[in-house]
Amino acid sequence: MTDTLTVTDNRTGKTYEIPITDGTIRAMELRQIKVNDDDFGLMTYDPGYVNTASTRSAITYIDGDKGILRYRGYPIEQLAEESTFIEVAYLLLHGELPTETELNEWEHETKQHTVVHENIKRQMEAFRYDAHPMGMLTSTVAALSTFYPDAKNVKDPENRMLQIRRLIAKVPTIAAFTYRHSLGHPYTYPNNELSYTANFLSMMFKMSDNFYEPHPALVRALDVLFILHADHEQNCSTSTMRAIGSSHADPYSALAGAAAALYGPLHGGANEAVLRMLTQIGDVKNVPDFIKRVKNGEGRLMGFGHRVYKNYDPRAKIVKQVADEVFDLVGRNPLLEIALELEKIALEDDYFVSRRLYPNVDFYSGLIYQSMGLPVTMFPVMFAIPRTAGWLAQWNEMLEDPDQRIARPRQIYTGYDERDYVHLAHRRGGYLMPHGK
């Protein structure tokens with residue numbers, strides 16, 4: 001059996017043999033299919049890139065139909081159970097799990113970059129008291145590019161790794177500062193004696209000069225949430241990171257663009273939408289009526305269904321377990337009973353089962369963050385911290401891929417054909433000047 005696709009152009013009767021590699025054909029192969037020599041050739045039209053592969057990647061594997069998510073071949077369930085976020089970040093970037101020596105060196109080298117320049121701190125203090133934390137994070141990360149002009153040398157692998165360590169270290173610091181800013185509290189500096197996630201919680205919640213060490217259960221819960229959100233293949237923000245990086249922009253500018261994409265409610269704001277839905281429902285007794293309205297097209301069931309997963313999101317199962325552990329420590333979130341009832345009905349109702357609408361990672365993560373005392377405005381920021389590692393791994397891989405070029409999608413032009421310029425005075429609807437004046 002030959003790995004080719006035979007295409008017959010019914011316009012001309014010509015037949016073409018197109019090679020199939022890894023279940024794909026190269027889009028440029030279609031350009032040879034023309035009506036005549038002046039014809040540009042065939043293109044594919046794929047809004048939202050629903051069925052277009054823009055890259056070859058060895059980082060993350062997803063099988064949405066089977067509910068599989070793997071980082072570098074390792075099942076997400078095993079990593080969430082056994083690993084730490086900082087180890088997973090190393091895995092994403094280097095392709096293999098580190099030895100004990102490599103992990104210690106990686107943690108030590110990353111911790112050297114947790115502090116941000118005082119000018120960055122003063123810049124953040126200039127934001128309004130009610131500035132959205134995600135807006136602060138995005139603009140501050142972009143500003144980092146002016147502090148590290150050497151970051152423009154993206155062709156140097158050693159230099160790239162230096163910027164990667166800086167970003168993985170500094171993004172949590174900036175994120176914690178945005179939270180403190182929203183409360184009007186003084187910024188808390190990093191404590192590098194703590195682990196990556198413990199240090200972040202310290203910068204968020206420390207309220208005195210005394211040593212602050214967060215509860216191990218909260219540290220572990222945040223570590224797991226960070227692992228689950230570290231990467232997710234070619235999603236909107238990751239594609240943005242790659243697209244900006246393809247112009248050889250510095251990683252700070254590229255990551256700021258990726259964070260801006262994550263800021264959108266259809267991407268990083270989904271768990272906030274879940275909380276608003278649960279709050280709107282208000283009580284378990286109102287769940288059946290809400291479900292009925294959803295079926296009638298009068299509302300949406302937020303936190304269910306996924307662009308990729310057509311089965312139970314593997315991350316959702318893990319998040320649900322983490323939620324139980326957090327609630328045992330801080331108390332049960334009053335919205336949890338509503339969430340559990342919604343999940344129960346949706347998993348049994350043919351309307352949702354037939355549409356393969358299963359809970360996704362956003363369904364419970366917002367409840368956890370809220371129980372930890374975080375406002376909904378911080379939710380996309382909490383998403384951006386771990387995703388920084390994934391964005392940078394994808395960016396680094398893209399720069400090492402000889403096939404990659406500057407991103408430049410094609411379009412189907414639907415505007416006017418050539419037409420002559422009309423003077424302002426003679427345009428329809430405009431003031432017509434008398435002739436000879």
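Colleague: Which residues make the nonpolar surface patch?

Modeller: Phe 40, Met 43, Tyr 45 and Ile 412 make that patch, which covers about 430 Å². Patches are made of residues with over 30% relative accessible area and no salt bridge; like charges are joined within 9 Å, and nonpolar side chains (Val, Leu, Ile, Met, Phe, Trp, Tyr) within 5 Å. Accessible areas come from the Shrake-Rupley method with a 1.4 Å probe, and for residues only the protein chains shown count as cover.

Colleague: What kind of model is this, and how are residues numbered?

Modeller: This is a predicted model, in which local features need pLDDT of at least 70 and side-chain atom pairs count only at pLDDT 80 or more, while totals for chains, interfaces and linings use all residues. Residues are numbered from 1 along each chain as its sequence is written, and side-chain values use heavy atoms, with hydrogens and water left out.

Colleague: Where is Phe 40 found, and is Phe 40 buried or partly exposed?

Modeller: Phe 40 is in the loop between β2 and β3. Its relative accessibility is 36%, so Phe 40 counts as partly exposed. Buried means under 20% relative accessible area, exposed means over 50%, and partly exposed lies in between (1.4 Å probe, protein chains only). Helices (H or I, at least four residues) and strands (E, at least two) are DSSP runs, numbered from the N terminus.

Colleague: Now the salt bridges. How many are there?

Modeller: The count is 16 salt bridges. A salt bridge is a side-chain nitrogen of Lys or Arg within 4 Å of a carboxyl oxygen of Asp or Glu. One of them joins Arg 56 and Asp 22, with the closest N and O atoms 2.8 Å apart. Arg 56 lies in the loop between β2 (15-19) and β3 (60-63), and Asp 22 in the loop between β2 and β3, so the pair ties together parts that are 34 residues apart in sequence. Arg 56 and Asp 22 are both exposed.

Colleague: And which residue does Arg 166 meet in a salt bridge?

Modeller: Arg 166 meets Asp 150, at 3.5 Å from N to O. Arg 166 is in helix α6 (residues 157-183) and Asp 150 is in the loop between α5 (133-147) and α6, so this pair ties together parts 16 residues apart in sequence. Arg 166 is buried, at 13% relative accessibility, whereas Asp 150 is partly exposed at 31%.

Colleague: What about the strands: in which order do they form the open sheet?

Modeller: The 3 strands are in the order β3-β4-β5, with antiparallel pairing. The edge strands are β3 and β5 (74-75), each pairing on one side only. Two strands pair if DSSP finds at least two bridges between them; β3 and β4 (residues 68-71) have 4 bridges. Tyr 61 has Arg 70 in β4 as its bridge partner, and Thr 60 stands opposite Tyr 71 in β4. The hairpin of β3 and β4 has 4 residues between the strands, and Gly 67 there takes a positive phi near 70°.
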